[in-house]
Amino acid sequence: MTGTEQAAQGIDTTRPHPARVYDWYLGGKDNYPVDEQLARRITEIDGGAPRAARANRAFMRRATRALAEEAGIRQFLDIGTGIPTEPNLHQIAQSVAPDARVVYVDNDPIVLAHAGALLRGTPEGVTEYVQADARDPRSILDQAGAILDLDRPVALSLIALLHFLADEDGAHDVVRTLVDALAPGSCLVLSMMTADFEPENVRRGITAYAQGGVTLVARSQDEVGAFFTGLDLLEPGIVSVADWRPEEAPEGDGPISLYGAVGVKTAR
Ligand SMILES: C[S@@+](CC[C@H](N)C(=O)[O-])C[C@H]1O[C@@H](n2cnc3c(N)ncnc32)[C@H](O)[C@@H]1O
């Protein structure tokens with residue numbers, strides 16, 4: 001993409017963006033020197049940062065597959081989707097259920113620029129992309145409601161999203177508004193950063209992100225639990241993403257400072 005094309009699409013290459021920093025950790029090519037600079041700085045502080053991104057992505061795959069296979073979920077609303085990285089969520093869901101319907105949402109223009117890769121799903125299923133901000137959940141529900149039947153169960157994924165939303169920015173209200181709109185049988189899938197395992201590294205990482213203009217918040221296990229109020233947590237509860245129903249031996253040593261969990265809404 002040329003500089004003119006980037007500017008025309010609203011892509012700001014003068015400051016780091018979370019989607020592009022994460023893309024760098026995952027070995028992607030859709031990041032810019034400012035993103036790489038911050039990602040390298042974080043990796044100097046915490047050599048496990050790229051490993052954490054991969055573990056988070058693997059959690060997304062396992063949780064999505066579990067919900068499609070075990071819970072029979074056929075509708076997915078994924079907010080904070082990120083730059084496409086195969087396999088994407090719709091590919092997991094539609095490999096289990098080709099008729100699965102998936103709505104992706106992100107607020108970063110770089111994700112919009114690459115959304116085409118998110119829209120290549122099965123002929124029987126549906127994949128759609130909505131450009132919207134998680135802080136406006138009603139608009140997301142309005143747009144998603146045109147594609148998903150909100151009277152039937154939906155898996156709501158907010159994976160590696162909520163650490164970009166502080167409590168003061170309404171993180172709890174956002175999740176509550178979204179979950180309240182979903183039918184019984186719907187599920188909430190969350191992962192987010194924690195300082196419970198390596199407080200000093202995480203504190204230094206948050207400072208480095210802040211110097212790059214990105215605000216991050218770490219939450220304790222109890223604080224993550226508060227997002228699941230009124231929902232039933234699936235086993236194994238709120239654990240490091242690497243420990244949520246692992247299928248492979250962990251990559252490398254040391255903790256992954258991201259909690260992951262899945263809850264089910266049993267009643268309105
Ligand atoms: C670390 S990436 C996670 C991508 C993917 N969910 C995953 O876990 O592999 C976080 C994503 O959240 C998006 N994001 C951050 N704040 C957002 C907001 N307020 N509304 C919508 N998306 C947001 C970023 O643009 C980025 O794509």
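I will start with strand 8. Leu258, Gly260, Val262 and Val264 point one way from this strand, Tyr259, Ala261 and Gly263 point the other way, and all are buried. Buried here stands for under 20% relative accessible area, exposed for over 50%, and partly exposed for what lies in between, with a 1.4 Å probe and protein chains only. Strands (E, at least two residues) and helices (H or I, at least four residues) are DSSP runs, numbered from the N terminus.

Some background on the model. It is a predicted one, in which local features need pLDDT of at least 70 and side-chain atom pairs count only at pLDDT 80 or more, while totals for chains, interfaces and linings use all residues. Residues are numbered from 1 along each chain as its sequence is written, and side-chain values use heavy atoms, with hydrogens and water left out.

Back to strand 8. Why is it described as largely enclosed by the rest of the structure? Because seven of its seven residues are buried. As for the two directions, side chains in a regular strand alternate between the two faces of the sheet.

Next, the partners of strand 8. Two strands count as paired if DSSP finds at least two bridges between them. Strand 5 (residues 187-193) pairs with strand 8 in the antiparallel sense, over seven bridges. In that pairing, Cys187 has Val264 of strand 8 as its bridge partner. Strand 6 is also antiparallel to strand 8, and two bridges join them; here Leu233 stands opposite Gly263. Strand 7 and strand 8 pair over two bridges, again in the antiparallel sense, and Val239 has Gly260 of strand 8 as its bridge partner.

Now strand 5 itself. How many of its seven residues are buried? Seven of the seven are, so strand 5 is largely enclosed by the rest of the structure. Cys187, Val189, Ser191 and Met193 point one way from strand 5, and Leu188, Leu190 and Met192 point the other way. Strand 5 also has a parallel neighbour: five bridges join it to strand 4. Within strand 5, Val189 is the bridge partner of Ser157.

Ala160 is found between strand 4 (155-159) and helix 8 (171-180). Its phi is near 55°, which is a positive value in a residue other than glycine. Ala160 has a relative accessible area of 17%, so it counts as buried. Arg245 also has a positive phi, near 45°, and is likewise a residue other than glycine. Its place is in the loop between strand 7 and strand 8 (258-264). With a relative accessible area of 28%, Arg245 is partly exposed.

Two cis peptide bonds come next. One joins Glu86 and Pro87, with omega about -5°. Pro87 sits in the loop between strand 1 (75-79) and helix 5 (89-96). Another cis bond runs from Glu235 to Pro236, with omega near 10°. The loop that holds Pro236 is between strand 6 (232-233) and strand 7 (239-240).

Now the ligand. Which residues are the closest to it? They are Tyr22, Asn56, Arg57, Gly80 and Asp106, out of 18 residues that surround the ligand, where being near takes one heavy atom within 4 Å. Helix 2 and helix 4 (49-69) each supply at least two residues of this shell.

Then the individual atom pairs. An N or O atom in the side chain of Asn56 is 2.8 Å from an oxygen atom of the ligand. For Asp106, the distance from such a side-chain atom to a ligand oxygen is 2.6 Å. Asp133 has a polar side-chain atom 3.0 Å from a nitrogen atom of the ligand. The ligand on its own has 600 Å² of accessible area, and the protein covers 95% of it; these areas come from the Shrake-Rupley method with a 1.4 Å probe.

Last, His17. Where is it found? His17 is in the loop between helix 1 (3-8) and helix 2 (18-25). Its relative accessibility is 9%, so His17 counts as buried. Leaving out residues up to four places away in sequence, His17 touches Asp12, Asp35 and Asp108, with contact taken as heavy atoms within 4.5 Å.

Note on methods: A polar contact is a pair of N or O atoms within 3.5 Å; within protein, one must be able to donate a hydrogen and the other to accept it, and residues adjacent in sequence count only if both atoms are side-chain atoms.
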